[in-house]
Amino acid sequence: MNRIKSFFQDVYKNRVWLLMVLPGTIWLLLFAYLPMFGTVIAFKNFHYDPNGFFASIQNSEWVGFENFAFLFNTNDAWIITRNTILYNLVFIVLGLILAVFVAIVLSELANKKLSKIYQTGMLFPHFLSWIVVSYFVFTFLSVDRGLLNNILGWFGVDDPISWYNEAKYWPFIIVLTSMWKGIGYGSIVYLAAIVGIDKNYYEAAMIDGANKWQQIRNITIPMITPLIVILTILNVGRIFSADFGLFYQVPRDSGTLYSVTNVIDTYVYRGLTTMGDISMSTAAGLYQSLVGFALVMLTNYLAQKVDKEYALF
Amino acid sequence: MWQNTMKINQNSSPPTPLHKGNVQNQLNQPNKKSKRKKKYTVHGLSGFPNLLMNILLGSFALMCIFPFLYVIIISLTDEKTLARNGYQILPEIWSFEAYRYLWQMKDQLLQSYTITIVVTVLGTVFSVAMIALFAYAISRKQFKYRGFFTFIAFFTMLFSGGLIPFYIVATQFLHLRNSIWALILPLAMNAFYILIMRTFFQRSVPESILESARIDGASELRIFAKIVVPLSLPGLATIALFSTLGYWNDWFNALLFIDEPNLVPLQSMLMKIENNIEFLRQNSLAGGAQNDLLSAIPQDAAKMAMVVISTLPIAIAYPFFQKYFVSGLTIGGVKE
Amino acid sequence: MIVLLFSLTTLLAACGGGKSANTSGSGKADKNKPYEIMWYTIGTPQKDVDKVMEEVNKYTKEKINATVKLKQIDWGDYDQKMQLMISSGESFDIAYTGGGNYVLNAQKGAFKDLNELLDTHGKELKATLDPAFIEGAKIDGKLYGIPSNKEVGQQSVYVFNKNLVDKYKMDISSISSLEDLEPLLKTVKENEPDFTPLATFKPYLPFDYILEDELPFAIPLEGNKNKVVNIFESDIMMETLKTMHKFYKAGYIKADAATSTDPWPLEVQNWFLRKEMYQPYAELIWSRSAGYDVAVQPMHDPITFNNSVTGAIQAISATSKNPEKAMEFLNLLNTDPYLRNLIDRGIEGVHYEEDANGKINDLPARVESYNMPTYSLGNHFILKLYENDPEDKWEAFKKFNDASVEAPTLGFYFDTNPVRTEIAAISNVASEFAPALLTGSVDPEVYLPKANKKFKDAGLDKVLKEIQKQYDEWKKNN
């Protein structure tokens, strides 16, 4: 009894704060928690019932892990897992290096006005949707109309390259497109951190006679390392999910490219649009978020081991 | 699940203000110029490396803009010229035909523009308010249940119920179908932004100012409105920019919930064309049936013109946001 | 847990029913209040739908004491939206469906079994429908939707640009195979730089497909009709693809054929030859929308496939609150010329005008704001003819239907449930190889074996065995 009373007292005491979280909490309940019961579909063979969705769930047969099988039991399943992880690894590593590099250069440019203009330019792709990007890419790669084949034509290459049929170029095109879209944004995040570094460090270093390179290595990079670690942990959490638009719309769903463009998300989409099997797509989603969760926890734990300050939570 | 990836991707890797620091200096700075000058002396390449780096970054920045200019040029090229010469940087014959084609659809396009703008503005205001309130509460030590509420936000980053249950909640509980709220509410909150803003508030709104306000007898809500919000403008602006971007580029919620043509936003018009083409590719219809469909699919130049008009407003708008954007990311880390 | 679910269900039903629950509830109890039929159909939403429906409702209220709410969903969005609505158990009455979606949704219990309803509330309808439709669309003996009464069979045809045919005095009537096209294509390629000889298409192959066209399982139309085969292992496939690849290499096909999304609009004169699905007098429709003449040469005799009888179906949802009324409406729609024409052509005097002979002409309003796809809306044979339609159009349809040969698997619908894992994997392999192979973009001698190996890895043999088992079973009973 007493406990209940003190609980209500606490609630009363915190009423302002509770009021503040109320709208958000309602949203989370409605749009995030309420739908979670649907996860059970991943373990059922979904069948429609005239009495609505809940009756459907209830009356569908329990099949255990059968819905997960298509993610594991073929050669392709191995390829898509490999593609997803490898691409994401490249994106994380290359994205990190390039973004940090560009950020440092931006901060070091003598003419700050130019630096601002470059930033504006580089940020532009970040605001585009993948459909728009896929049109952009097509204007370059179209076999009979594209800019690249036109240019190759000027150099006397008469045989136009059928870009959308040649798998060997695509790992580069995918990575390039992803970097093109992401670097500007990434570098500005790091630039913000660099601008925030206490200037006294640099002044002291200059008095000690440190050159530019030494300053960067000994001041800039160590100072932005915590940010690097946190962003990397978050990216690792998504290593099992791929940008659907990048891997589906940009290569125009070209079959000959699947060996290098098929990732978990596109595989699930292609496999299940034919059958509209929501059980299997729910299963795939669950699998991706579970692995992502485990990986975030693991990286976070490792980062924490190195330095408490690096941990995300 | 597909939807989730899309959602996340639009907003990939938001910023995390990191360094602890004193914000006040930075915020109450009427004499920006003198501070800038100080920065200039510390950083700055010279001579050949500077030139080299300028060329490097300059060309990368150009690369980022170029495809858009190129698409504009294509959209202004005569359709027959396109068929003969391909996409040229300097077309043989220019033509406004594509825009004339779009002009025929001006009612629909204007309507879609209006929808997109209304959704983007309303949605951004809505989501920034909700996220800021939530994040501020869980950033304060006085709030006893902050741990619990942090967790319920965090947990949603890891699991989602999938598309169908989400759809059911929106259509059958909330009756959002064919309502503009169907385009606003689903994107209103994002656990990721909440956690970012929480960190931001923790590190850049010092407890000491709040304490003095509390002693003066101000209520928490008043403190939030009068002190916290002005103090956090750059952070809020950053979140606002993400929201704007998310709303502007969203087509998926329209696909799910909107049947009324006068509620279709701009991006989803572009997507509809793509989907219709895809449909045509996969279905062969007998007799004249596909003619109805064919007439709904624009030709190359017109498609590019669609891309241009759906991208142009955000391309014009974001440079104005940009200064807030950078300082919003910086603010937490400034130490001077 | 179950109790919780139940209470949630009732809550949902209470919440979700909303407006329609009210109308339907009283519709059954109170005979005087008309029931509102919710009807979804495919096509770009037209401005005047509500206007036309007002007219429709005046009529249906009187005839069957019901009103109709027609909702169009755009071509490319339709499948996904219907899937969501069906999965979420939303209540509606009638929906257009067709082909694979009809079968899958029916097998999963989304549609109402109409065997009885058709007898009680749709007698006239049953009498007008070609029996091949009813028998062919039955899944395990149960009919789950009303097919549009139109051409029952499928016939692929070559469509030629007649301007070029005349210019070079080509004889197209002797064309019977892909190989025969070679000299014509060559002429065009050499003399007409502004034309692409072959508008992108996938060649006709003599198979009766079990699932979708690009999934590899089928019964051959020539040869052993009792055995399910992998089409990509057949000789005819190899031969056809070799020819296609030869055409591709010769430049008759566009280099980006495999990924091209170019719809080749008829009114743009940049093609010489294309493949289309035929119905009687389709060449007139095509010539009309092209603005110049086209000529047609069939690839094969008309065949009645599962796909052609289920091509356009109106199904009644399992969640319908009043399936009897829905059936009554479908009965009226398919047998009453006034209603059918109203829904298809619009309001007389607004969307079309009729001359003394009973022939009609579109007014601008129809083209602009009531351009409905005919095939998905119901019976064709009671539609008014256009001024430039041939007098015997519908007789020609009947003749076409009578001539159409039944495919071996007509009425056999494979239950994918036991092998859905394998089919998900096989779908991926099919979309990897089929577009490139079928458009001739890659060398079949290299890629066919690759594809077949991958199909095997993905579990093709297991699926073939399962299909064979179900097919044999079905044959025994039919």
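I take a salt bridge to be a side-chain nitrogen of Lys or Arg within 4 Å of a carboxyl oxygen of Asp or Glu. The model I am reading is a predicted one.

**Entry 1. Salt bridges**

I searched the whole structure with that rule and got 45 salt bridges over all chains. I then picked out a pair that crosses between chains, B:Lys144 with A:Asp10. The side chains of B:Lys144 and A:Asp10 meet at 2.4 Å, N to O, which counts as a salt bridge because the cut-off is 4 Å. I noted where the two ends sit: B:Lys144 is in the loop between helix 7 (106–139) and helix 8 (146–158) of chain B, and A:Asp10 belongs to helix 1 (residues 2–13) of chain A.

**Entry 2. Chain B against chain A**

I looked up the contacts here and found 115 residues of chain B touching 107 residues of chain A. The area buried between chain B and chain A comes to about 10100 Å², and carbon and sulfur atoms carry 74% of it.

How many salt bridges does the rule find across the interface of chain B and chain A? I count two. I also listed the bridge between the side chains of B:Asp300 and A:Arg145, with 2.6 Å from N to O.

Which helix supplies the largest share of the side of chain B that touches chain A? I find helix 4 (residues 47–75) of chain B, with 17 residues. Sorted by class, that side of chain B has 75 nonpolar, 26 polar and 14 charged residues.

**Entry 3. Chain B against chain C**

I repeated the look-up for the other partner. Here 40 residues of chain B are in contact with 43 residues of chain C. Chain B and chain C bury about 3500 Å² between them, with 58% of that on carbon and sulfur atoms.

Across this interface I get four salt bridges and twelve residue pairs in polar contact, both residues at pLDDT 80 or more. I wrote down the salt bridge between the side chains of B:Lys272 and C:Asp77, at 2.8 Å from N to O.

On the side of chain B that touches chain C, at least two residues each come from helix 9 (163–173), helix 15 (252–257), helix 16 (266–282) and helix 17 (289–294) of chain B. By class I have 22 nonpolar, twelve polar and six charged residues on that side.

**Entry 4. Four-stranded sheet in chain C**

I traced an open sheet of four strands in chain C, ordered 8-12-7-13, with mixed pairing. Which strands lie at the edges? Strand 8 (196–198) and strand 13 (294–298) of chain C do, each pairing on one side only. Neighbouring strands of the sheet are turned against each other by 30° on average, direction ignored.

I checked one pairing in detail. Strand 8 of chain C runs parallel to strand 12 (residues 271–277) of chain C, and two bridges join them. C:Thr196 stands opposite C:Trp271, a residue of strand 12 of chain C.

Next I looked for a helix on this sheet. Helix 11 (residues 282–290) of chain C packs there and touches strand 7 (156–161), strand 12 and strand 13 of chain C. The direction of helix 11 of chain C makes about 150° with that of strand 13 of chain C.

**Entry 5. Three-stranded sheet in chain C**

I found an open sheet of three strands in chain C as well, in the order 9-10-11, and its pairing is antiparallel. Between strand 10 (residues 217–220) and strand 11 of chain C I see two bridges in the antiparallel sense. C:Ala218 stands opposite C:Val229 in strand 11 of chain C.

Technical notes: Residues are numbered from 1 along each chain as its sequence is written. Chains are lettered from A and ligands numbered from 1 in the order in which they are written. This is a predicted model: local features need pLDDT of at least 70, side-chain atom pairs count only at pLDDT 80 or more; totals for chains, interfaces and linings use all residues. Side-chain values use heavy atoms; hydrogens and water are left out. Contact means heavy atoms within 4.5 Å. Buried area is the accessible area (1.4 Å probe) that two parts lose on being put together, summed over both. Ala, Val, Leu, Ile, Met, Phe, Trp, Tyr, Cys and Pro count as nonpolar, Asp, Glu, Lys and Arg as charged, and the others, Gly among them, as polar. Two strands pair if DSSP finds at least two bridges between them. Axes are lines fitted to C-alpha atoms, for helices over the stretch in contact, and angles run from 0 to 180 degrees between N-to-C directions. A polar contact is a pair of N or O atoms within 3.5 Å; within protein, one must be able to donate a hydrogen and the other to accept it, and residues adjacent in sequence count only if both atoms are side-chain atoms.
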